Amino acid sequence: MFAHDDHTAVAVSGGKDSLTLLTLLVKMEQRFPNSKITAVSVDEGIEGYRDEALQIASDTCRKLKVKHHIVSYKELFGVTTDMIVEEHLGKTPCSYCGVLRRKAINKAAAKIGATKIATAHNLDDEVQTVLLNMLHGDPMRIIRSGPVLQDVRGRFITRVKPFCDIPEKEIVLYAYLVGLEFQSVACPHGNQALRNDIRSFLNQMEQKHAGTKFTLQKTAEKLREQLSTTIHPLELRDCEKCGDPTPHRLCEACIMLESIGPQPLVDSLTAAFI
Ligand code: SF4
Ligand code: ZN
């Protein structure tokens, strides 16, 4: 996943997974003097939730002596997740928020000159996503996700998921054992997501049939291997609005922003370094 001289942008939300990942990568980085780590956080604009998480993330970065780069939806896209929720759009808040977060992290990573983006998706997240894509009737997305998302055409920064085979419970255990402070409050908009039902289902299955999550992860890997040899990479062009690579006229984020309303796409990063 990493080269010895990578500048890795670690996506840090302030939760247990991302702070554990940051802590472990900082430890590992000390053995590789040509590598560099910067923490990147996104402020989605969720009142009573994100402020505390960002504070915890900043405090941890200070302790670990890691630079912390924060970008916000408001600055980048002119909207916040709270504003999107108020619009009462047909989709769940997470479907908007997730797409915008990916774009925000990409922009922040490009801005700081990162060569990799590391996210803290764990085994539970990964297998939930596999089932989610199936239930959404979009199995091809399974190919486009996975532990390493590399863009051979050099249009995106490679994304890696070092925790993709680690069960969530083990990460929580580690975080408690080393005394990490992390945000434990759940996002107020998250409970509408189909993902929560899938999470409960998979946890029940795991309890009754130990190993279910690993098996599903291995199944997805096999599918990826098989399908990637038969599927041609999508033809990419520049999004007419923001210039990011996309197979369509507009990228997914710009389509979503258009559906929300006439919000200007602010393409300047005025993020603060803490
Ligand atoms: Fe955004 Fe959904 Fe995550 Fe809340 S739970 S921060 S709305 S993706
Ligand atoms: Zn776009």
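Predicted model: local features only at pLDDT ≥ 70, side-chain atom pairs only at ≥ 80, totals over all residues.
**Stop 1: H1 and H2**

Select helix H1, residues 16-29, together with helix H2, residues 50-64. Their axes lie 11 Å apart and pack at an angle of about 10°. Angles under 35 degrees count as roughly parallel, so H1 is roughly parallel to H2. Now show the side chains in the contact. From H1, display Leu19, Leu22, Thr23 and Val26; these meet Ile56, Ala57, Thr60, Cys61 and Leu64 of H2. Coloured by class, the contact of H1 with H2 shows seven nonpolar residues, two polar and no charged.

**Stop 2: H6 and H10**

Move on to helix H6 (123-135) and helix H10 (212-230). Here the axes are 9 Å apart, and the packing angle is about 60°. H6 and H10 are therefore oblique to each other. The crossing of H6 past H10 is left-handed. On the H6 side, select Leu123, Asp124, Glu126, Val127, Val130, Leu131 and Met134; on the H10 side, select Lys213, Phe214, Leu216, Gln217, Ala220 and Leu223, which they meet. Nine nonpolar residues, one polar and three charged make up the contact of H6 with H10.

**Stop 3: the second largest pocket**

Colouring by helix shows where the lining comes from. H6, helix H8 (168-177), helix H9 (194-208) and H10 each supply at least two of its residues. Which helix gives the most to the lining of the second largest pocket? H9 does, with three residues. Switch to colouring by class, and the lining of the second largest pocket divides into five charged residues, three nonpolar and two polar.

**Stop 4: H5 and H11**

Finish with helix H5, residues 93-111, and helix H11, residues 252-260. The two axes come within 9 Å and cross at roughly 130°. H5 is therefore oblique to H11. H5 passes H11 in a left-handed crossing. To see the contact, show Ser95, Tyr96, Val99, Leu100, Arg102 and Lys103 on H5, then Glu252, Ala253, Met256, Leu257, Ser259 and Ile260 on H11. By class, the contact of H5 with H11 holds seven nonpolar residues, two polar and three charged. Among them, Arg102 and Lys103 belong to H5, and Glu252 belongs to H11.

Definitions and conventions: Residues numbered from 1 in each chain as written. Chains lettered and ligands numbered in written order. Heavy atoms only, no water. Axes fitted to C-alpha atoms, helices over the stretch in contact; angles between N-to-C directions. Helix = DSSP H or I, 4+ residues; strand = E, 2+ residues; numbered from the N terminus. Parallel < 35°, antiparallel > 145°, perpendicular 65-115°, else oblique. Left-handed = near helix turned anticlockwise from the far one by under 90°. Contact = heavy atoms within 4.5 Å. Nonpolar A, V, L, I, M, F, W, Y, C, P; charged D, E, K, R; others polar.
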